[in-house]
Amino acid sequence: WGARLPSPCPAAAPLCRPARLPAACERRCSSRVKEKLDMSMYPVESIRNFSIIAHVDHGKSTLADRLLEITGTISKTDRNKQVLDKLQVERERGITVKAQSASLFYNHEGINYLLNLIDTPGHVDFSYEVSRSLSACQGVILVVDANEGIQAQTVANFYLAFEAQLSIIPVINKIDLKNADPERVEKQVEKLFDIPTDECIRISAKQGTNVEKVLQKVIEKIPPPQCNTADPLKALVFDSTFDHYRGVVANIALFGGEIAKGHKIVSAHTKKRYEVNEVGILTPNEQPTHKLYAGQVGYVIAGMKEVTEAQIGDTLFLYKQPVEPLPGFKSAKPMVFAGMYPIDQTEYNNLKSALERLTLNDSSVTVHRDSSLALGAGWRLGFLGLLHMEVFNQRLEQEYNMSVILTAPTVPYKAVLSSAKLIKEYGKDQITIINPAQFPDKLLVSEYLEPTVLGTIVTPHEYIGKIITLCQDRRAIQKDMLYIDENRVMLKYLFPLNEIVVDFYDALKSLSSGYASFDYEDAGYQSADLIKMDILLNGNPVEELATIIHSDKAYAAGKLLCERLKETIPRQLFEIAIQAAIGKKIIARETLKAYRKNVVAKCYGGDITRRMKLLKRQAEGKRLMRKIGNVEVPRDAFIRVLKRETDK
Amino acid sequence: WPYCSKRCSYCNFNTYVVPAVDEAAVRACLLREAQTLLRLSQVHSITSVFFGGGTPSLASPSTVAAVLEAVAEAAHLPAGAEVTLEANPSSSSISRLAGFRAAGVNRLSIGVQSLDDTELRMLGREHTAAEARKAVEVARGLFPGRTSIDLLFGLPGQSRDAWAQRLEAALGLCDDHISLYQLTLERGTALAAQVREGALPAPPQDLLADMYQTARTVLVATGFRHYEVSNFARKGALSIHNRSYWRADQYIGVGPGAHGRFVPWGEGGCSREARVQTLEPVAWMREVQSQGHSTRSRAVLSPLEQPEELLTLGLRTDEGVTHERWGHFSPQLSLQAVFGAPGEAWALQQQGWLVLDSGGLRCTWAGLAVLDSLLPDLLWQLQR
C-alpha cells in the first residue's frame, strides 16, 4: 500500500505517531509486498469477534501479544511488549487509552478462522468506548490476575460484557508467579460472576502457557456474528484515528452488507456523504483488502477530514440505502473540567497548535478558550475522567514537549432554573455550569444538581473500616457490601463525582497500602446543596478562586484556601484580610499582617551591585503582579493555590 | 584588612583566619594598589579614609601610617580629614589604640556587638562584655567625641526586655555615635545553620520590628539624630565616610574584595564604574605585584543605574535624596518630574511613607522602617 501514499510514507509515517516503535515499522514494510487480501475467503461462520477485558496490569496486553505471535500476525521477538499499546504513555503506565484492533488468522481442525481481536481502552474513563467496542463483539476474554484476584475494574468490565449478552471466557493469568493462587481466584469468579470454576483457563501469558487453549475456546465458545452479506451495508464505527496524510481512519465492524473502494457511504449521525478510498484489515497495522464483508472488522478511509466526522458509535450505510442506525450512539460527554494555561504566555501559540494536533486524535476532549486575570490566556478543557486528563497532559509533555499549568479539576454542575427571565435568556430551564462565574443565584433556581458515579471498591477486609470512613467523608452512600472470598470485600458506593476527582484514588491507595482498587461508572445527577464560595482579599473578590462547592464542605475548603493564600502572598505595607465568603457571609478568615520592618540593616560601600539586582528583579516582578484592589499578588501565588494538591 | 583571629558565627564577609600574615607584603600591596587606583581616578582631594574589612585593629599601627602616607603622596589628604579604623575589643589595648592615633587615625568604630557574655558567646566573639566596656572607655579617652560602637539586636532567643537592657547599658557606655544592626542570618554561617536546624529559635518578625522601634525612640529621646537606617549620632558626630556612600559620592576600594565607585579619568574613562578587587588575599597580592592593582571586575554604570543606586542608598538617610545629588546623576529629569506626578511614588506619599519637598525625596519616620518595600515601586517607576 505504500505506493498509494502521496509521499514516501514508510519513513514519514512514524512521524505521525511518534510513539511507534521500530518493530511496528518492520511489520509494515513486510506487509507492503503482499498482494491485497481477498476477504471473501472468510464467511461469517468462520469469524469470531472478541475483546480482552481486565483490570489494570492483569496482563491484557501481554496476552494480546501472545495471541498475535501464535497466529503469526507478528513475529516472535523479545520486543513484542504490548504491541497494541502504541502511545508512550500507554506503555509507561501499563494502560490502554486508545483501542487498537488486530485480525488474526488461525487454523483450527482444518478450518481457517478469522479472529478479530478488538482491543478496548483499559480504563473506566473510557467506558463508553469500551461499550462501543464490545458492541462489535460476540464474546470476551476476561483476564484476572492469579495473585491479585478480582479487582474493581474486573467487576465493572464483567458487567459491561454481561449486559451486552456476550460469551465470557474467564482466564486466570500469571499462574507462573510465586504467590499465584488460581484456585482462590476461580472461587471468586464463581461467587461473583456465577461462572463454574472448571470453566476458567489457567495461563501464563508471559510464558505462553495454555495460551493456545484460549484461542481454541474463542472458536468453540464464542458464536460467529449474526449477519448477512446480502443485506445492505451497516457498519459500526468503534474507533477512529487521524493520519496527517490520509485523513480520518475509521475502525468499523460490519453488521451487514459489504464495503469496497468507490462505494458512496453516509454517516447516520452527520448525514454527510463520502466516497470510500480504501478498506482493509488491521494486522495490527493497516493492510488494504479488496472488500470487507458482513461480520468482518477493519478500517475505512473515505475522505473524512476530522475525527469528529467519524464519531465512535456512529453507523455508516450506503448512499440511498439507509438502514436503522445501531443503538447506543452518543457524543462524548466530558465529566471533568480543568483550566489549562501556558506557564509562560509567550508559549501560548505553541501550546495552541499542540492542543489542536492532539485533539485531532482525541475527539472526546472538549476545548473552550478561557482567560484568567492571574494566569493569562488559556483554555477550559473537558475530559472523560481524571485519568483521561492526566494522560492528555502527559501526552502534551511527552509528545509535544509542552509544560502547562493545570488548575484543580471541577465537574459539570447543573441548575434547574426557576426565573422566567433566565429561562428565556438561556432558552431552556436547565443549564450546565462549568465555570463558577456562570453560577446562578439561589433565588433564580429551583434546584442545583451534581453528577454522581457508582463506585466499586475491592479491598482486603482489614481496610474496610478506614475505607468506609473515607467514603463517608466524601459524602458517599453505601449501596452494597459483599465478601468475594474469606478476606476480600467488594463495596459499592454512590459518590458525588466532585468528591473523587481530586485525590480520592490517592487517599484510597495510601490507606490500603495500595491493595484496594477502585472503579466507577456514571450514575446520573442528583439534587445537591451547592453554593458558590468567593475568596476576598481586603473585601475584593478574586475571580479565579471562586468555586462551586457543596455547603457541607464550604467551611473546610474555605479555611484551607485562606491558609494556602496566606502562605503564598507576600507581606505588604498594609494588613490583608484573606476571606472565604458565601454571598455576604464570611466563613473563614486569615490575616496577613503588614510589614512593620523591612529594611536591610547594613548597606555601605560593600557590594550594593547584588542588592541592586535583587531590587530590580522585584521591580520587574511588579509587571507580573495581579492587583486585586490594592493588594499585589504574584502570579505564582495563584498557581500554587489553584494547582492540584498532589502537585505541591 | 581581610584577616581575623577567629570567624564570628554570624559573619559571611570576605575574611580569612590564617596562622601567620606576611604583614610587610600585605602592606606593600595596599600601598601600591592605593596609589595606582588614586592615579586612575585622578582624585585631587580625599575627604575621608576608612580602615575596614576583617579586623583592621590586628594590623600594626605602622601599616596604617604607611597607607595614610601613600594616600597623602598620591592626593591631597587635608589635615582634618576623617580617618576611621574598625577595632575589635580583643585587640584594643590602650597602647595599640594610641599607636593608631599616632599613625593618623582620628575616629574609632568598635565592634561591641553585645554587652552580655552569653550573647557574645553565641555570636562567636572573642571578648567578654567587660572587655568591650574597657575598650570603649579607653577609646573614648583617646578619641573623645569620635568613638562609635556597633551593637546587634534580634539575636535568636533575645527578648524585648533583654534588648531594652542592652540598649540602656550601651547608652551608659557610648560616646556620640551608635550603629544598631538587626542581626541578619546570612546563608552559610554557623548561626544560620543552627536556626535552620531548629537548635536556635528564629526571631519573630514582629519582635524585630518592636526592637527597632524601641531603639529608635529611646535614642532619639536621648538626643541622637537617626541619620541612617542603622546609624545614630549626636553633637554632629555622624560618619562622614559612610555618609558619602549614601550620597553616592566617589570612593576607591583598596584591598582584597574591596568595592569602589569612581570615574577612571586616568584611563580615559568618563563614566562612573563599579569595581571589585580580587577577593582572595594571596591572588590579590600576586596581581597587585604584577599589575599595580587587582581589579577583578569593572562595570560601567548606565545612566539609569546611577540614579537607581542613589535612590536605594540615599533614601536610607534622614536627608534623603537631595535635589542637588539627584541633579548630579539625572540632569534632565528632576525628582519632581519623575516622582511628583501621579504614580507609585505619589501613592506612597499619600499613604505617608515618603515625602517630596524642597529638601528632596525622603522617607517618613514610618517609611524608613519599610524602605525595602518602597524601593521596588520607585525603581519600577523610574525605569518607565
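Me: What covers the buried residues of H9 in chain A?

Reply: In this predicted model, the cover over the buried residues of H9(A) includes strand E17 (336–342), strand E18 (366–372) and strand E19 (376–383) of chain A. Helix H10 (386–400) and strand E20 (404–406) of chain A are also among the covering elements.

Me: Which residues of H9(A) are the buried ones?

Reply: They are A:Tyr348, A:Leu351, A:Ala354, A:Leu355, A:Leu358 and A:Thr359. These residues lie on the same side of H9(A), because they cover an arc of only 125° around the axis.

Me: And how many residues does H9 of chain A have?

Reply: Helix H9 of chain A runs over residues 348–360 and has 13 residues. From its first C-alpha to its last it reaches 18 Å, close to the 18 Å expected at 1.5 Å a residue.

Me: Switching to pockets: how much space lies in the second largest pocket?

Reply: The second largest pocket holds about 1,400 Å³ of space. Its lining comprises 49 residues, and those closest to its centre are A:Ala408, A:Pro409, A:Thr410, A:Val502 and A:Thr547.

Me: Which elements give two or more residues to that lining?

Reply: They are E17, E18, strand E27 (530–537), strand E29 (547–550), helix H14 (554–568) and helix H16 (635–642), in chain A.

Me: Which one gives the most?

Reply: H14(A) does, with 5 residues in the lining of the second largest pocket.

Me: Now chain B. How many helices and strands are there?

Reply: Chain B has 16 helices and 12 strands. Of its 384 residues, 58% count as buried. The accessible surface of chain B comes to about 15,600 Å², and carbon and sulfur atoms account for 53% of that area.

Me: What share of the chain B contacts with a separation of 6 or more is between residues 24 or more positions apart?

Reply: Such pairs account for 68% of those contacts.

Me: Where does B:Trp163 lie?

Reply: B:Trp163 belongs to helix H6 of chain B, which spans residues 160–173.

Me: Buried or exposed?

Reply: B:Trp163 counts as buried, because its relative accessibility is 1% and the cut-off for buried is under 20%.

Me: What does B:Trp163 touch?

Reply: Leaving aside residues up to four places away in sequence, B:Trp163 touches B:Leu151, B:Leu152, B:Phe153, B:Gln158, B:Leu180, B:Met211 and B:Ala215. As for B:Ser114, 49 residues away along the chain, its C-alpha atom is separated from that of B:Trp163 by 9.5 Å.

Technical notes. Residues are numbered from 1 along each chain as its sequence is written. Chains are lettered from A and ligands numbered from 1 in the order in which they are written. This is a predicted model: local features need pLDDT of at least 70, side-chain atom pairs count only at pLDDT 80 or more; totals for chains, interfaces and linings use all residues. Side-chain values use heavy atoms; hydrogens and water are left out. Helices (H or I, at least four residues) and strands (E, at least two) are DSSP runs, numbered from the N terminus. Buried means under 20% relative accessible area, exposed over 50%, partly exposed in between (1.4 Å probe, protein chains only). Contact means heavy atoms within 4.5 Å. Accessible areas come from the Shrake-Rupley method with a 1.4 Å probe; for residues, only the protein chains shown count as cover. The expected span of a helix is 1.5 Å times one less than its number of residues. The arc is that of the directions from the helix axis to the C-beta atoms. On a 1 Å grid over the protein atoms alone, a cavity is a set of points where a 1.4 Å probe fits but cannot get out, and a pocket is an open set with protein on both sides within 12 Å along at least five of seven lines; lining residues have an atom within 4 Å of a point. Grid points are joined across faces, edges and corners, and a volume is the space filled by probe spheres set on the points.
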